[in-house]
Amino acid sequence: MQRQQSITVFLLMLGIAAISLGMALKNVFEYSPIAGWFLGTVILIVNSIYTGVKIKKKSHT
(Lines give C-alpha, C1' and ligand atoms only; values in the text may rest on other atoms or scores of the structure.)
Protein backbone atom coordinates (compact mmCIF):
# COMPACT_ATOMS: atom_id res chain seq x y z
CA MET A 1 0.00 0.00 0.00
CA GLN A 2 2.81 2.41 0.87
CA ARG A 3 4.47 1.93 -2.53
CA GLN A 4 1.25 2.69 -4.40
CA GLN A 5 0.77 5.89 -2.43
CA SER A 6 4.33 6.97 -3.06
CA ILE A 7 3.96 6.42 -6.82
CA THR A 8 0.74 8.46 -6.82
CA VAL A 9 2.37 11.31 -4.89
CA PHE A 10 5.42 11.18 -7.18
CA LEU A 11 3.28 11.42 -10.31
CA LEU A 12 1.27 14.31 -8.85
CA MET A 13 4.43 16.21 -7.97
CA LEU A 14 5.95 15.46 -11.39
CA GLY A 15 2.85 16.78 -13.17
CA ILE A 16 2.82 19.97 -11.13
CA ALA A 17 6.57 20.40 -11.65
CA ALA A 18 6.15 20.07 -15.43
CA ILE A 19 3.48 22.77 -15.46
CA SER A 20 5.54 25.04 -13.20
CA LEU A 21 8.70 24.57 -15.23
CA GLY A 22 6.86 25.34 -18.44
CA MET A 23 5.50 28.55 -16.96
CA ALA A 24 8.89 29.50 -15.47
CA LEU A 25 10.64 29.13 -18.83
CA LYS A 26 8.16 31.22 -20.81
CA ASN A 27 10.71 34.01 -21.25
CA VAL A 28 13.36 31.58 -22.48
CA PHE A 29 11.39 29.43 -24.91
CA GLU A 30 8.34 30.66 -26.78
CA TYR A 31 6.27 27.50 -26.50
CA SER A 32 7.40 26.26 -23.10
CA PRO A 33 4.06 27.03 -21.35
CA ILE A 34 2.20 24.96 -23.92
CA ALA A 35 4.68 22.10 -23.60
CA GLY A 36 4.59 22.30 -19.80
CA TRP A 37 0.80 22.25 -19.63
CA PHE A 38 0.61 19.42 -22.16
CA LEU A 39 3.20 17.29 -20.37
CA GLY A 40 1.69 18.04 -16.96
CA THR A 41 -1.79 17.13 -18.16
CA VAL A 42 -0.57 13.87 -19.67
CA ILE A 43 1.21 12.94 -16.43
CA LEU A 44 -1.88 13.76 -14.36
CA ILE A 45 -4.09 11.68 -16.67
CA VAL A 46 -1.66 8.76 -16.39
CA ASN A 47 -1.79 9.16 -12.63
CA SER A 48 -5.60 9.07 -12.69
CA ILE A 49 -5.62 5.91 -14.80
CA TYR A 50 -3.00 4.25 -12.59
CA THR A 51 -4.88 5.10 -9.40
CA GLY A 52 -8.21 4.00 -10.88
CA VAL A 53 -6.82 0.65 -11.97
CA LYS A 54 -5.28 0.05 -8.54
CA ILE A 55 -8.54 0.95 -6.75
CA LYS A 56 -10.59 -1.26 -9.09
CA LYS A 57 -8.13 -4.13 -8.66
CA LYS A 58 -8.24 -3.74 -4.87
CA SER A 59 -12.04 -3.71 -4.74
CA HIS A 60 -12.29 -6.97 -6.74
CA THR A 61 -10.04 -8.93 -4.37
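Student: How much of the protein counts as buried?

Tutor: Of its 61 residues, 20% count as buried. Buried means under 20% relative accessible area, exposed means over 50%, and partly exposed lies in between (1.4 Å probe, protein chains only). This is a predicted model, where local features need pLDDT of at least 70, side-chain atom pairs count only at pLDDT 80 or more, and totals for chains, interfaces and linings use all residues. Residues are numbered from 1 along each chain as its sequence is written, and side-chain values use heavy atoms, with hydrogens and water left out.

Student: What makes Thr8 buried?

Tutor: Its relative accessible area is 19%. The limit is under 20%, so Thr8 is buried. Thr8 sits in helix α1, residues 2-24. Leaving aside neighbours within four places in sequence, Thr8 is in contact with Asn47, Tyr50 and Thr51. Contact means heavy atoms within 4.5 Å.

Student: Which other residues of α1 are buried, and what covers them?

Tutor: Besides Thr8, they are Leu11, Gly15, Ala18, Ile19 and Gly22. Their cover includes α2.

Student: Which residues of α2 are buried?

Tutor: Ser32, Pro33, Gly36, Gly40, Ile43 and Asn47. The cover of these residues includes α1.

Student: How many helices and strands are there in the protein?

Tutor: Two helices and zero strands. Helices (H or I, at least four residues) and strands (E, at least two) are DSSP runs, numbered from the N terminus.

Student: What does the comparison give for α2?

Tutor: Its 29 residues should span 42 Å. The end C-alpha atoms of α2 are 42 Å apart, so this agrees.

Student: Why is Glu30 called exposed?

Tutor: Its relative accessibility is 65%. That is over 50%, so Glu30 counts as exposed. Glu30 is in the loop between α1 and α2. Its C-alpha atom is 36 Å from that of Gln5, 25 residues away along the chain.

Student: Why is Leu25 called partly exposed?

Tutor: Leu25 has 27% relative accessibility. This falls between the 20% and 50% limits, so Leu25 is partly exposed. Leu25 also belongs to the loop between α1 and α2. Leu25 and Gly36 are 11 residues apart along the chain, with 9.2 Å between their C-alpha atoms.

Student: What makes Ile7 partly exposed?

Tutor: Its relative accessible area is 25%. Ile7 is part of helix α1. Ile7 and Asn47 are 40 residues apart in sequence, yet 8.6 Å apart in space, C-alpha to C-alpha.

Student: What share of the contacts joins residues 24 or more positions apart?

Tutor: Of the contacts with a separation of 6 or more, such residues account for 53%.

Student: How does the radius of gyration stand against that of a compact globule?

Tutor: The protein has 14 Å, while a compact globule of 61 residues would have near 10 Å. The radius is taken over C-alpha atoms, and the globule rule is 2.2 Å times the number of residues to the power 0.38. Along its principal axes the C-alpha trace spans about 50 × 15 × 5 Å.

Student: How much of the accessible surface belongs to carbon and sulfur atoms?

Tutor: The surface comes to about 4900 Å², and 73% of it belongs to those atoms. Areas come from the Shrake-Rupley method with a 1.4 Å probe; for residues, only the protein chains shown count as cover.

Student: Where does Val46 lie, and why is it called partly exposed?

Tutor: Val46 lies in helix α2, residues 32-60. Its relative accessible area is 44%, between the limits, so Val46 is partly exposed.

How values were computed
Expected span 1.5 Å × (residues − 1).
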